[in-house]
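User: I have a model open and want a quick tour. Can you walk me through it?
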Amino acid sequence: MTDRLYLRHSTDKQTDARQRHALARLIKAGAPVYDDPATSSRVLSLHRTGFQQLLDEAAVGDTIRIADAARLFRSVADVIALRPVLIRRGLHLKVESGLLSGIDLAADDAGTKMVVSVLAAVLEFQRDMISENTKEGVAAAAASGKTLGRPTALDEDQAAAVVTAYTEQGVAVKALARQYGTSPKTIRRILDDAGAREVSEHQDSDEPGPAAVDGQEEPAVDPTVVVDVPGLVAEHLQDSGDEAIRRFLEGGQTIRRGQGYSVRVPAPLSVHVAMIERSSTGLMRSPAGRKAHRIHSDRVTSVRITD
């Protein structure tokens, strides 16, 4: 049974020094540390890179230890999503110090569920009050004539030139980013603000503008196939950013297999291929993740096409 330490701070101006001090004994003993620096508590714990890695490497009976509860969850929605995963995997969750230090927050009983839910509600209230005060401060600064936010990467003339190059000349996003010394994300944001991209949600593509894609052939008919998606893969895909993938997963049937489970998903073949592509990076960081990805890939490759 292994103690696994989790750290998180919200902005790049904060540090995890206080958390490391609270967990110093365990760190000195060599307990593995997972962190999510500069990560907002509004990002659910199951969707954070560091915590996903912790779950990938944890085994039944391991204990997740945190300096304080707010480092892991700060909303009722987060607790509702988190506890079933910890319980299903046989993991424990303990706060290292304070009033909650003697309680396993992942225990599957009504009393613990009530305590954790109340705690999450209080933490959510605190976060909302901080947000409300911040908004009031921003409004007061704006009313006094102060300029808010960081300066834009490109000026108006450069932004207009980017839009023209993309729509009229078919220059690719990455090429524009290199030309103007900025990131592809910035270029996409400029194009989306101008309404220059027909399908702005395809944030990860580097497709050229409309002038370069005219005349493409229509894709072939996409057959529907049924695949048992390993539970570890399904959990990663909940944060895929692809609404279609999430919709098909939610409509699937959970199949229990010993201590593990799969989700039986009927979906177009292209959706299953997208699942493999989107889960590959996150799953390759651990042996369990690599095994789940290999099993999933093999199932998609060998599946029979349904009527």
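This is a predicted model: local features need pLDDT of at least 70, side-chain atom pairs count only at pLDDT 80 or more; totals for chains, interfaces and linings use all residues.

User: What does D68 pair with in a salt bridge?
Analyst: The partner is R71, with 3.5 Å from N to O. A salt bridge here is a side-chain nitrogen of Lys or Arg within 4 Å of a carboxyl oxygen of Asp or Glu. R71 is buried too, with a relative accessible area of 11%.

User: How many salt bridges does the structure hold?
Analyst: Twelve. Another one joins the side chains of D16 and R20, at 3.3 Å from N to O. D16 counts as buried at 14% relative accessibility. R20 is partly exposed, at 33%.

User: Which residues are linked in a network of salt bridges?
Analyst: D3, R25, R65 and E96.

User: And what does R264 bridge to?
Analyst: To D228, with the closest N and O atoms 2.7 Å apart. That pair links distant parts of the chain: R264 is in strand 7 (residues 260–268) and D228 in strand 5 (residues 224–230), 36 residues apart. Helices (H or I, at least four residues) and strands (E, at least two) are DSSP runs, numbered from the N terminus. D228 is buried, with a relative accessible area of 13%, while R264 is partly exposed at 33%.

User: Who else is in strand 5?
Analyst: V229 is one of its residues. V229 is buried at 0% relative accessibility. Leaving aside neighbours within four places in sequence, V229 is in contact with A234, S262, V263, V265, M275, H296 and R299. Contact means heavy atoms within 4.5 Å.

User: Where is H296, and is it buried or exposed?
Analyst: H296 is in helix 13 (residues 287–302). At 0% relative accessibility, H296 is buried. With the neighbours within four places left aside, the contacts of H296 are V227, V229, P230, V233, H272, M275 and I276.

User: How far apart are V229 and H293?
Analyst: They are 64 residues apart in sequence, and 9.3 Å apart in space, C-alpha to C-alpha.

User: Switching to rings. How many aromatic pairs are there?
Analyst: One. Y6 and F51 are edge-to-face, 5.3 Å centre to centre, with 75 degrees between the planes. Y6 lies in strand 1 (residues 3–8) and F51 in helix 3, so the pair ties together parts that are 45 residues apart in sequence. Y6 and F51 are both buried. On the cut-offs, rings of Phe, Tyr and Trp (its six-membered ring) pair if their centres lie within 6.5 Å; planes under 30 degrees apart count as stacked, over 60 as edge-to-face and the rest as tilted.

User: Which charged ends sit over a ring?
Analyst: The charged end of R247 sits over the ring of F248, 5.7 Å from its centre. The charged end of R256 sits over the ring of Y261, at 5.5 Å from the centre. The test is NZ of Lys or CZ of Arg within 6 Å of the ring centre and within 35 degrees of the ring normal.

User: What about A38? Where is it?
Analyst: A38 is in the loop between strand 2 (33–36) and helix 3 (49–57). Its phi is positive, about 50 degrees, although A38 is not a glycine. Most residues other than glycine have a negative phi. A38 is partly exposed, at 41% relative accessibility.

User: Now the whole chain. How many helices and strands?
Analyst: There are 13 helices and seven strands. Of the 307 residues in the protein chain, 39% are buried.

User: And what share of contacts join residues at least 24 apart?
Analyst: Among contacts between residues at least 6 apart in sequence, 67%.

How values were computed
Residues are numbered from 1 along each chain as its sequence is written. Side-chain values use heavy atoms; hydrogens and water are left out. Buried means under 20% relative accessible area, exposed over 50%, partly exposed in between (1.4 Å probe, protein chains only).
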